[in-house]
Each structure stands twice: as C-alpha cells, then as structure tokens.
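Work through the two exercises below with the model open beside you, and compare each step with the solution given.

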Amino acid sequence: MSQIVLTSIYNKLISATGAGSVYATVGGRIYQIEAPQAAALPCLVYAITDNEVTTFFGTTAKSRQDLIVQFSFFFALSAASAVATAMNVEATLFDLLNRQTITPSDASYTSMEMFALNRGVPDIGEDFITVETSYRFIAIKDT
C-alpha cells in the first residue's frame, strides 16, 4: 500500500513542470526515500515517516491509511540566493499539496488527501542548505 501512496505523491509532484514549479526548481531530481549518493543539487527527497492503518467493516471493508510524509529539499551551499530559492520552493510545495486531493495511482484507493503539518525553514549546514516540511496524508482504500 505504501508504494501506491509514494507513487501517487510523485505523480502530483510532477504534475506541474513549468518555470517556478517544484519539479523545475529541483531540475526533476525528486527521489523516494533517499537520493542516490552522487545526486546533483538541488533535489527533493520524500518518505513516509509514520503509517497507521485502520480497517472499517460495513457493507464493504475499507482501510484508512494515515501517514506522515516528510519532504526534504537540498540546495548547494554555494548556490547564489539558495536560501531565497529554498523558501520559494517550500511555498510552492505548500500550494501544490496543502488541502489537496491527489489522484490515486491505483484504482483500489477511493480518495487521497494531504494537509500540511509543519512548514520548514532553511537550515544551513556545512555542505548544503536543507528545508524539511511534513504533511499528513490520508488515503481510503476498498479492501
């Protein structure tokens, strides 16, 4: 079930590819769970950090998957205006995902919605700038 959720999120992230989009800002470098070791920056990594499934029984059995998904942007420390770019792309991600319905990548899911839990601010490390933000993701599946 989790891979369907990750794929559905990916499809939403690549749904807008124009200038200023999340996809364009990170050059299409969007990775599930972890980036390759030699990945170029900037990039976006997202992963499920918490997953709880509740099953309801009635005329049909339904499962509610309640997840926390963390998104981490990485920017080169040496990039000009990297902090401003990091803040802009986080705001673009918020507009793309917060209180939005996502089209499931599998027909067994009837609905998927995301809600922002926290908004990240740039953290300047030794090698790169990161912005981490978390979303609550609710998926309903016929079982």
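A salt bridge is counted when a side-chain nitrogen of Lys or Arg lies within 4 Å of a carboxyl oxygen of Asp or Glu. The model is predicted, so that local features need pLDDT of at least 70 and side-chain atom pairs count only at pLDDT 80 or more, while totals for chains, interfaces and linings use all residues. Residues are numbered from 1 along each chain as its sequence is written, and side-chain values use heavy atoms, with hydrogens and water left out.

**Exercise 1.** Determine which residues the salt bridges of Asp 66 join into one network.

Step 1. Asp 66 pairs with Arg 64, the closest N and O atoms being 3.1 Å apart.

Step 2. Asp 66 also forms a salt bridge with Arg 136, where the closest N and O atoms are 2.6 Å apart. This pair links distant parts of the chain, since Asp 66 belongs to strand S3 (residues 62-76) and Arg 136 to strand S7 (residues 128-142), 70 residues apart; strands are DSSP runs of E of at least two residues, and helices are runs of H or I of at least four, numbered from the N terminus.

Step 3. Asp 66 is buried at 17% relative accessible area, whereas Arg 136 is partly exposed at 28% (buried means under 20%, exposed over 50%, partly exposed in between, with a 1.4 Å probe and protein chains only).

**Exercise 2.** Locate the partners of the salt bridge between Glu 90 and Arg 119.

Step 1. Their side chains meet at 2.7 Å, N to O.

Step 2. Glu 90 sits in helix H3 (residues 82-97), and Arg 119 in the loop between strand S5 (109-118) and strand S6 (123-124).

Step 3. Glu 90 is buried at 2% relative accessibility, while Arg 119 is partly exposed at 41%. Returning to Exercise 1, shared partners join Arg 64, Asp 66 and Arg 136 into one network.
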